[in-house]
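Please read these notes with the chain open in a viewer. They go through the sheets, then some helices, then a single loop residue.

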Amino acid sequence: MLKNTERSKELFEQAKKTFVGGVASALHKSEHEAYPIYIERGWGSRVLDVDGNEYIDYLGGYGPLILGYCPPAIEDAVLNQIRKGTLFAAPTESLNEVSKKLTQIIPCAEMITYQNTGTEGNMLAFRIARAFTGKEKIIKFEGHYHGWSDEEMISIAADSSKTMGGRNRPWKILGSAGQLEKAADNIIVLPWNDLDLFEKNLKRNAHEVAAVILEPVMCNCEVVFPENQFLEGVRAITSKYDVVLIFDEVITGFRLALGGAQEFYGVIPDLSILGKAIAGGFPLSIITGKREIMGAGVHIRGTFNANPISVAACQATIKELEKPNTYENLNRITKKLTEGIIDISRNHDVDLYCEGIGSIWQISFGILERLKDYRDNFKVDKKRYQIFRDMCFVRGVRLHPSRGRQYVSVAHTDEDIEKTLLVVDEVFREMSLHY
């Protein structure tokens, strides 16, 4: 069973002649073994490629499309703003309104500022924390992704656990050619979910550590949950040593709850960065936190910061997510899908782990329980996931091309889930015979 994707192949050959790698992001190339699949349009939970193939989509633009593709509420809001103007080099009343709303729904939010991407948001959060504390070092955790800048893209793409060094003294691994080694000088890397090691390290280095940054749920590799009381412990320890705690909620913001993971877990950071889902597919990131820290004197720059179109999209997204039973239904859909996959896997003796949280879900082969940290990521049978993913793809279900983290949206229906589970059943049956 093969889909005709010749038009995608042809377009990619054209693209390679005019721009680097033939794609605007390395993530776009990995969907197909030899070339990316070009998408013509999307609607609700579906996308259509340039060869006319339709897919139930669990990629969600890598996270932003919490309302699905082309939701009417965002379309109306954005078109209305376009008719008024797209950029004024001046604030708008809508920015006042959305800022006030965000301070009401995000637990840590006393003051707000804006950038366009998660990378920019985290860079600014580092600067704010350093300005407030007068210290320079930042503690981050292995596998947690905070952006692609030189200082952020460290220890997020190891080849194996052996290349990471010992747990007590992990090696710093750069993520790209051209990345400055000295950019890692002020970064301290630690394993995730090890509270004792974290406290020992912070006690030793608190005099020079400005902040600790983490994804409250690690989503860069396979989804890795915080262990019981880990977030609470990090919160207590950073408070004890007067170190700023930063939650990178670029993925979890709006996904776990309207107030993000900090609402879901009841652990309040000093600063937080939100992106992706907050504007339903338009570029916007939010840096927010305590008034005294946000007011540390950092000069905020950016031509496109809080542009009126993204602000309109953010307002529309919030209004849709505030509707009664929205999160209850997202949780129900995610649970129906993950529990259905587990039941089918048992019927076919396929060993896997599958679990969801909010509108994020994970499927990992070769393990049966939650991972503890990034090093456990190497226990996952990624070759089998790739086989599974490719077999689902040719049957019209679009999943993450390289790891098992997926998304549902408000647009996903029970019919979508039932069709997906039929595909999974067919794929597992074939995998059990041949793999």
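Which residue in S8 is the bridge partner of Ile213? The bridge partner is Ile246. The points below place this pair in its surroundings.

1. Ground rules. The model is predicted, with local features needing pLDDT of at least 70 and side-chain atom pairs counting only at pLDDT 80 or more, while totals for chains, interfaces and linings use all residues. Residues are numbered from 1 along each chain as its sequence is written, and side-chain values use heavy atoms, with hydrogens and water left out. Helices (H or I, at least four residues) and strands (E, at least two) are DSSP runs, numbered from the N terminus.

2. The seven-stranded sheet. Seven strands make an open sheet in the order S4-S10-S9-S8-S7-S5-S6, and the pairing is mixed. Two strands pair if DSSP finds at least two bridges between them. S4 (111-115) and S6 (187-190) are the edges; each has a single partner strand, so one side of each lacks a neighbour in the sheet. On average, neighbouring strands are turned by 20° against each other, direction ignored. Axes here are lines fitted to C-alpha atoms, for helices over the stretch in contact, and angles run from 0 to 180 degrees between N-to-C directions.

3. S4 pairs with S10 (residues 285-289) in the antiparallel sense, over five bridges. Within this pair, Thr113 has Ile287 of S10 as its bridge partner.

4. Strand S7. Six of the six residues of S7 (residues 209-214) are buried, so the strand is largely enclosed by the rest of the structure. Buried means under 20% relative accessible area, exposed over 50%, and partly exposed in between (1.4 Å probe, protein chains only). S7 runs parallel to S5 (residues 137-141), joined by three bridges, and Ile138 has Ala211 of S7 as its bridge partner. S7 also runs parallel to S8 (residues 244-249), with four bridges.

5. The crossover. S7, helix H7 (residues 230-240) and S8 form a right-handed β-α-β unit. Right-handed means that, with the strands pointing away from the viewer, the path from the first strand over the helix to the second runs clockwise.

6. Helix H6. In H6 (residues 195-205), the residues Leu197, Phe198, Asn201, Leu202 and Asn205 are buried. They span an arc of only 125° around the axis, which puts them on the same side of H6; the arc is that of the directions from the helix axis to the C-beta atoms. Asp196, Lys200, Lys203 and Arg204 are exposed on the other side of H6. S5, S6, S7 and H7 are among what covers the buried residues.

7. The four-stranded sheet. A further open sheet has the order S1-S2-S3-S13, with mixed pairing. Its edge strands, S1 (39-43) and S13 (397-398), each pair on one side only. S2 (residues 46-49) and S3 (residues 54-57) are antiparallel, with three bridges, and Val47 stands opposite Tyr55 in S3. Helix H13 (residues 414-434) lies across S2, S3 and S13, at about 105° to S3.

8. Asn53. This residue lies in the loop between S2 and S3. Asn53 is buried, with a relative accessible area of 12%. Not counting residues up to four places away in sequence, Asn53 touches Lys3, Asn4, Thr5, Val47 and Leu48, where contact means heavy atoms within 4.5 Å. A polar atom of the Asn53 side chain lies 2.9 Å from the backbone oxygen of Asn4.

Technical notes:
Polar contact = N/O pair within 3.5 Å; in protein donor to acceptor, adjacent residues only side chain to side chain.
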